[in-house]
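Q: I have this one open on my screen. Can you walk me through it?

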Amino acid sequence: MTDALLDVAGLSKSFHQVHAVRDVGFTIGRGETFGIVGESGSGKSTTARLVLRLVEPTRGVIRFRGQDLATLSKEALRRERRHMQMIFQDPFGSLNGRMTIEQLIAEPMEVHHIGDSVERRRRVGQLLAEVGLPEAARHRFPHEFSGGQRQRIAIARALATEPQLIVADEPVSALDVSVQAQVLNLLLDLQQRHGLALLFISHDLRVVEFMCDRIAVMYLGTVVEEGPKAEIYAEPRHPYTRALLESAPGRARKGAPLKGDIPSAANLPTGCVFQSRCPRAFDRCTHEAPQPRAVAPSHRVACHLAEE
Amino acid sequence: MTMAATDAMLDTPPTPAGPWRRLLRNRTAVFAISVLAALAVLALAAPYLTNAQPLRISPGIRLKPPRPQNWFGTDHLGRDMFALVLFGGRTSLLVGLLVTLISMSVAITLGLVAGFYRRVDMVLMRLVDGLMAFPSIVLATAAAGYLGPSVTTVIVALSIVLIAPVLRVVRGQILVLRELPMIEAARAVGVPDRRILARYLLPAIMSPLLVQASFIFSAAVLGEAALSFVGLGVGARDVSWGSALAEARNYIQNAWWIVVFPGAALVLTILSLNLLGDALRDSLDPRLARR
């Protein structure tokens, strides 16, 4: 893919003995929404932070807009952040409670020297309107808003520098279900209007299905399956993906449900990472880790069973 | 739907009873603030309140008890105790103020840096450990002995001694605060470190520091008295409550007034500062107050 906005390869992160993320790679095109799903402990949030180099990768290449973020100096990286923003799970903790909404939304423009103070104030008004908050919100503080409203503020803040990529780490999982759809629709709408690429992290399969063009399924720090949403939801190829999809409420259950918990990333099983919980594991899985292989154009699966 | 909900929410009045209003509702705090304000005014207005020169020796009126000409009596050199207490207050409170300002600003700067940059922390905290291994009065005594007795010496010595405890408080707070999501969010936006320190972390530690400041102030006033008492204080050309007490110690048995007045001024100051510190802590953190 030549017009890829973000191209990640061999991305790994170990915290001492804990291998949180191992050899993750994917590509996001301009304006595309790419989803990462997985249980808690699958390394999806760490992956989000590695992509933005909020966590230093142990290994790997993060090619964004043609340069490798992993090799940028601290200051060059800081400047590059203008083009990549993040929305966090906790819409209260991620906003400085001592700053007004206007200060919060203007801050990204200020630190990247965009416009003068008059222009920035005008732009704050635009952004508030775009995320559906009243002009009067400007001089209020974050604690005066509900969770959904705070997430709108966080979205306005992320949009302020007109980035090309937004990484959203579980942006609605802290919100009431009734508010989730509003925030998701807003994100989708803004993404289309601004031509943003979105890296969307969630444990919620329905949310990912709603939002994403392509998805990657993570398990224990690795991507076990990656491909177009339609293909993965219609015909999951990895036993883990299949189990995950079937565990969603309202879906017909064909295979056995998943048993047990995700193993510790400090004590990885040999062979395939999923073998300890796989209903279809056989000999080879216990000693040989499956390599990701293409089962269709742009659909890759890391499973020995996918070979036939 | 959201707009309507938002507008309704925005109509509600902002939160009542800020920390300052809570502080002024606290009677102890009001008492402490009044006492400190009164002492400060008396010290500042000293030249207008008495004609007596604090250092003028009048051998003819040695050890006179309180009387209309000398409200607080006279000391063993015939100096007017009222003037001595007022002018002594100038020195004592000035030392307290300057030591608080110097040690707090150094400690805040170093503490912010140490808490934020782990490599600096390693080196700095070992130095602080070394500094804290000495009892502070020994350290202050050594510094004062090396620099010679003067007001400047006292300020420098006490500032050095009082940096370490504040530094530890600041660093400890920063270590916790730097892990907050808002700091990661600020980094993700591209907020430079210096701005994170100034706009995010510094405001967040101000309230515990305000409490700390009142205790540092009282420790400084007391420290000055202690150094003066052992003869390493302000020297013979200045007077302070501590030096007045030091000179009075030989006459305690026959002239109570030369001990009681400077002593009372000292006790009142320290007591008020400590009460103010407690009240500040309660008003800034109401969760603690209810216990």
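**Chain contact and folds**

A: The contact takes 26 residues from chain A and 19 residues from chain B. Keep in mind that this is a predicted model.

Q: Which elements of chain A give two or more residues to the side that touches chain B?
A: They are β6 (84–87) and α3 (101–111) of chain A. The largest share comes from α3(A), with three residues.

Q: How do the residues on that side of chain A divide into nonpolar, polar and charged?
A: Eleven are nonpolar, eight are polar and seven are charged.

Q: Let's pick A:Q85. Where is its place?
A: A:Q85 is in strand β6 of chain A.

Q: Is A:Q85 buried or exposed?
A: Buried. A:Q85 has 27 C-beta neighbours inside 10 Å, and the cut-off for buried is 20 or more.

Q: What is A:Q85 in contact with, leaving aside neighbours within four places in sequence?
A: In chain A, the contacts of A:Q85 are A:A158, A:T161, A:P163 and A:I166. From chain B, A:Q85 meets B:A188 and B:V189.

Q: And what separates the C-alpha atoms of A:Q85 and A:P236?
A: 31 Å. The two residues are 151 residues apart along the chain.

Q: Switching to sheets. What is the order of the open sheet of four strands in chain A?
A: The order is β2-β1-β4-β5, and the pairing is antiparallel.

Q: Which strands stand at the edges?
A: β2 (18–29) and β5 (67–68) of chain A. Each has a single partner strand, so one side of each lacks a neighbour in the sheet.

Q: How many bridges join β1 to β4 in chain A?
A: Five bridges join β1 (residues 4–15) to β4 (residues 59–64), and these strands run antiparallel. In that pair, A:A9 stands opposite A:V61 of β4(A).

Q: What about strand β8 of chain A, how many of its residues are buried?
A: Six of the six residues of β8(A), residues 197–202, are buried, so the strand is largely enclosed by the rest of the structure. A:A197, A:L199 and A:I201 point one way. A:L198, A:F200 and A:S202 point the other way.

Q: Which strand does β8(A) pair with through A:F34?
A: That is β3 (residues 33–37) of chain A, joined to β8(A) by five bridges and running parallel. A:F34 has A:L199 as its bridge partner in β8(A).

Q: And what is the partner of A:V167 in β8(A)?
A: A:L199 again is the bridge partner of A:V167. Strand β7 (residues 165–169) of chain A pairs with β8(A) in the parallel sense, over five bridges.

Q: Now helices. How many residues of α1 in chain A are buried?
A: Eight of the eight, residues 44–51, so α1(A) is largely enclosed by the rest of the structure. Among them are A:K44 and A:R49. A:R53 follows α1(A), and its phi is positive, near 55°.

Q: Over to chain B. At what angle do α3 and α12 pack?
A: About 140°, with the axes of α3 (residues 27–44) and α12 (residues 257–284) of chain B 8 Å apart. The two helices are therefore oblique to each other.

Q: Is the crossing of α3(B) and α12(B) left-handed or right-handed?
A: Left-handed.

Q: Which residues meet there?
A: On α3(B), they include B:I33, B:L36 and B:L39. On α12(B), they include B:L268, B:L273 and B:L276. The residues of this contact divide into eleven nonpolar, three polar and no charged.

Terms used
Residues are numbered from 1 along each chain as its sequence is written. Chains are lettered from A and ligands numbered from 1 in the order in which they are written. This is a predicted model: local features need pLDDT of at least 70, side-chain atom pairs count only at pLDDT 80 or more; totals for chains, interfaces and linings use all residues. Two residues are in contact if their C-beta atoms, placed from the backbone, lie within 7 Å. Ala, Val, Leu, Ile, Met, Phe, Trp, Tyr, Cys and Pro count as nonpolar, Asp, Glu, Lys and Arg as charged, and the others, Gly among them, as polar. Two strands pair if DSSP finds at least two bridges between them. A residue is buried if 20 or more other C-beta atoms lie within 10 Å of its own, exposed if 12 or fewer, and partly exposed in between; C-beta atoms are placed from the backbone. Axes are lines fitted to C-alpha atoms, for helices over the stretch in contact, and angles run from 0 to 180 degrees between N-to-C directions. Angles under 35 degrees count as roughly parallel, over 145 as roughly antiparallel, 65 to 115 as roughly perpendicular and the rest as oblique. A crossing is left-handed if the near helix is turned anticlockwise from the far one by less than a right angle, and right-handed if clockwise.
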